[in-house]
Amino acid sequence: MNLTYNEAYQQLSTLVEQIEDNEIQLDTLAEKVAQAKELIAFCETKLRTIDNEVTQALGDNNPKDL
Amino acid sequence: MPQQLKLSELVNEIEDAIQNRFAGKTFWITAEITDVKKQTDKRWCFLKFIEKEGNLITTEMKGVFWSTTFYNVEKFEQLTGKPFASGLQITCNVRVRFHKRFGIDLEVLEIDHSYALGKLALEKDLTLERLLKENPSLIRLEDGQYFTYNKQITLPLVMQKIALVTAPNSDGQRDFKQEIANNQYGYAFAVTEFLTQIQGDNSSKLIVQQLQLIQSQMEKFDLVVIVRGGGSQTDFKPFDDYELSKYVAAFPLPVFTGIGHDRNTSIVDMMARQHKTPTKVASSIVDHNYNFESTIVNLKERFFGNAENLVEKAKETIRQLKRTVKAYSPSSILQKGYAIITINDKIIIDPKKVHPGSEIKTLLRDEIIFSTVTKKSNNEPDL
């Protein structure tokens, strides 16, 4: 799953709206539950993992003598 | 040969004259200071008071703070956020002193801080006025609050990729990174450091250069953090600079400042999202992400709460159906005292098939009655 936080949030909100407005039928519930679970796991994981932790910007503008 | 005096005799007379005129008296003066030499360990400060016409110094007098009044210098730095240094104009209370070897000087007894603060505030006001006047589309003032383009950029839902502008090996850098790295929720962050000198004459230009560098790769970052810190650092002047302030006001990524001073808010602070200290900048970023996670948890609870209800309702409907089916089953009917009549072992639905002489069975709960029909008539319900 490669989403932005915005996309994940929007999709999850839509699922919640649908279920709260009784728009989800029993026969699609399992599929929607799986989607919601995946979106939540995606956000939780993304909040806690990132590639590079601390880096120093590379460029000539960085004063080397400081 | 005229009468000759020893040097000391003449100097004694000078001393007497000065004593007569100045002993026990103090004076308030306003003057520029130069050649400021602070000896913090001894708590002395030597300086010169000067007065100029154009660029020409017309009057000059030595001045000194001794350890009993040195706290004035420290207080000045605390209050103004500026180092006590050459080029300042100060108002102070002085006493005239004369020493037979070192000559005449002015001992400073007290600084009028309100004068220094007033002057500083005035400079700041002028810069703010100019920012408003020359950048109406970027900066406006409403009810004493500055609204800038930068402050109104919507923050991303989560902020993880941080461009950190700070001085190398500074307290601010350390405090910020510690708070970020040790956040209690275990959130991950990528901090890219843009190190620069952050105090002194040229630093506002150097900070702008770092911001330009960030802007050239802005898709890599969620926000910019500018922090400085450290107890004795007092030079806030770079953060009141017009060009830097304007650059921050117009910057396309959200800028969080943690420039750290209790009394003074710098102009850069006003143009950006201000936090008191580097640690607080870090915790506000962590809190922002926590808010997002709370929203997600809330959505999760709403979704699964409703999903459970949905399943529960479906189960209830099935239970209801089962009850209905059961209520209409033949055995339930017989239990209630009704009877079922059959002909040729088929339930009589159409009475036309029954005639006098037909063999019928009446099924009761426990027994079956066998009968022969003797008579048939219409059943008029007595309604």
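Trainee: How many salt bridges does the rule find across the interface of chain B and chain A?

Mentor: The rule finds 2 salt bridges there. Keep in mind that this is a predicted model.

Trainee: Which residue of chain A meets Glu293(B) in a salt bridge?

Mentor: Arg48(A) does. The two side chains come to 3.0 Å, N to O.

Trainee: Which elements of chain B give two or more residues to the side that touches chain A?

Mentor: They are β9 (190-195), α5 (203-215) and α8 (278-327) of chain B. Helix α8(B) gives the most, with 17 residues.

Trainee: What classes of residue make up that side of chain B?

Mentor: Count 22 nonpolar, 10 polar and 7 charged residues.

Trainee: Now the whole interface. How many residues are in contact?

Mentor: On chain B, 39 residues are in contact with 35 residues of chain A. The buried area between the chains is about 3300 Å². Carbon and sulfur atoms give 68% of that area. The count of residue pairs in polar contact is 7, with both residues at pLDDT 80 or more.

Trainee: Let me try one residue. Is Leu26(A) buried, partly exposed or exposed?

Mentor: Use the cut-offs: buried is under 20% relative accessible area, and exposed is over 50%. Leu26(A) has 48%, so it counts as partly exposed. Leu26(A) lies in helix α2 (residues 26-48) of chain A. Leaving out residues up to four places away in sequence, Leu26(A) touches Leu310(B) and Ala314(B).

Trainee: And why does Ser245(B) count as buried?

Mentor: Because its relative accessibility is 0%. Ser245(B) sits in helix α6 (residues 242-249) of chain B.

Trainee: What does the side chain of Ser245(B) reach?

Mentor: It reaches the backbone oxygen of Asp241(B), at 2.7 Å. Beyond four places in sequence, Ser245(B) also touches other residues, including Leu131(B), Phe239(B) and Met271(B).

Trainee: Last, the sheets. How do strands pair?

Mentor: Strands of a sheet pair through backbone hydrogen bonds, parallel or antiparallel. Here, chain B has an open sheet of 4 strands in the order β14-β13-β15-β16, with antiparallel pairing.

Trainee: Which are the edge strands?

Mentor: Strands β14 (346-347) and β16 (368-372) of chain B. Each pairs on one side only.

Trainee: How many bridges join β13 to β15 of chain B?

Mentor: There are 4 bridges between β13 (residues 340-343) and β15 (residues 359-363) of chain B. Look at Ile343(B): its bridge partner in β15(B) is Ile360(B).

Methods. Residues are numbered from 1 along each chain as its sequence is written. Chains are lettered from A and ligands numbered from 1 in the order in which they are written. This is a predicted model: local features need pLDDT of at least 70, side-chain atom pairs count only at pLDDT 80 or more; totals for chains, interfaces and linings use all residues. Side-chain values use heavy atoms; hydrogens and water are left out. Contact means heavy atoms within 4.5 Å. Buried area is the accessible area (1.4 Å probe) that two parts lose on being put together, summed over both. A salt bridge is a side-chain nitrogen of Lys or Arg within 4 Å of a carboxyl oxygen of Asp or Glu. A polar contact is a pair of N or O atoms within 3.5 Å; within protein, one must be able to donate a hydrogen and the other to accept it, and residues adjacent in sequence count only if both atoms are side-chain atoms. Ala, Val, Leu, Ile, Met, Phe, Trp, Tyr, Cys and Pro count as nonpolar, Asp, Glu, Lys and Arg as charged, and the others, Gly among them, as polar. Two strands pair if DSSP finds at least two bridges between them. Buried means under 20% relative accessible area, exposed over 50%, partly exposed in between (1.4 Å probe, protein chains only).
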